[in-house]
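Subject: Structure handover

Hello,

Please find the structure below.

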Amino acid sequence: MTRGRLASILFLAGAFLAGTAAGAATLAPGDHEFTLVHGELQRSYIVRMPPAVASGKPLPVVLNFHGGGAHAREQKRYSRMDEIADREGFIAVYPNGSSGIGGRLLTWNAGICCGPAAASRVDDVGFVIALLEDLARRVALDPERVYATGLSNGSMMAYRLAAEAAPRFAAVAGVAGAMTLERFAPALPVPVMHIHSVDDGRALYDGGLGLAFPFTNTRVLHESVDGMVQKWISHNGCPKQPQVGETVRGRPDAADAAHTATRLRHAPCRGGTEVVLWRLTGAGHVWPGGLQDYIPRLLGPGTTVIDANDEMWRFFSRYRRRQP
């Protein structure tokens, strides 16, 4: 991250905190959609406000980025994050990428991936910061509890935010998409959780050239998941050897009975952070616990061996934003 970019982020973070502390308009529980202009592009995002907004207290925020070729409403339906947002009292935000057709086939500039957004060097980091500023004018947010996650290209976007806007995020958790950054130099240690199946046929666990995006000839050279995890372990100053948890197995009577999930945790790390990897078998390029039987020909088999929403919220809720 350049010194100018860091200074800009810190300035905006201060403005964000001041605006939130001064009070903001209150959105009613339920769904809301907003637009803004950033980088000469009209951008949009969907907000799910939980019943807890009635308390008037600043609420945590989870940004949930869709995969390449999808859009916010699809990610909202597929990931099923609204259920836990309502239950646990956080704001779920589903941003839309850019460069699509008719609001669909959207992508994120996550570094060297993906599609038109990356090729056009769309300023998606700047868009997300602008989104948070826009949202803070509409509802009271807790700026120390802002988190990012996403699927596939959306997961890559979450990692780009962690690498280039670390002072704004308390933790990140990616699903089925490793980082695709040319330069990796986060300003701070960042708590990281990654969820990925070794049997993912699209975002290859061991890295390499993945399958073409639907209806295109675009292919992505994926970094290996273990290689990405090692970068975060090194940056956060974590022990190299993980604490290996008990392997979770699918229910014997379920369609995913043969699926497994093993938790590998690297801790303690600098700044009280940690790096966690959920390594799955049997599942495809999917959001565990999300809508099942969802485009299986494209994504492969779904799984309920773990629930990604439960695991990441349990992870997120332990962390607040670190001061630089």
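First, a term for the elements: helices (H or I, at least four residues) and strands (E, at least two) are DSSP runs, numbered from the N terminus. The model is predicted, so local features need pLDDT of at least 70 and side-chain atom pairs count only at pLDDT 80 or more, while totals for chains, interfaces and linings use all residues. Residues are numbered from 1 along each chain as its sequence is written, and side-chain values use heavy atoms, with hydrogens and water left out.

The cavity

On a 1 Å grid over the protein atoms alone, a cavity is a set of points where a 1.4 Å probe fits but cannot get out; lining residues have an atom within 4 Å of a point. Grid points are joined across faces, edges and corners, and a volume is the space filled by probe spheres set on the points. The structure holds one cavity of 30 Å³ or more. The largest cavity has a volume of about 40 Å³. Among the residues that line it are Val-175, Ile-195, His-196, Ser-197 and Leu-280. Strand E7 gives the most to this lining, with three residues.

Buried means under 20% relative accessible area, exposed over 50%, and partly exposed in between (1.4 Å probe, protein chains only). Five of the five residues of strand E6 (residues 171–175) are buried, so E6 is largely enclosed by the rest of the structure. Ala-171, Ala-173 and Val-175 point one way from E6, and Val-172 and Gly-174 the other way.

Two strands pair if DSSP finds at least two bridges between them. E6 runs parallel to strand E5 (residues 141–151), joined by five bridges. The chain gets from E5 to E6 through helix H6 (residues 153–164), in a right-handed β-α-β crossover (with the strands pointing away from the viewer, the path from the first strand over the helix to the second runs clockwise). E6 also pairs with E7 (residues 192–197), again in the parallel sense, over four bridges.

Strand E2 and its partners

In strand E2 (residues 41–49), seven of the nine residues are buried. E2 pairs with strand E1 (residues 30–38) in the antiparallel sense over nine bridges. Two residues lie between the strands of this hairpin, where Gly-39 takes a positive phi near 60°. E2 also pairs with strand E4 (residues 91–95), antiparallel, over four bridges; there Val-47 has Val-93 as its bridge partner.

Regards

Technical notes:
On a 1 Å grid over the protein atoms alone, a cavity is a set of points where a 1.4 Å probe fits but cannot get out, and a pocket is an open set with protein on both sides within 12 Å along at least five of seven lines; lining residues have an atom within 4 Å of a point.
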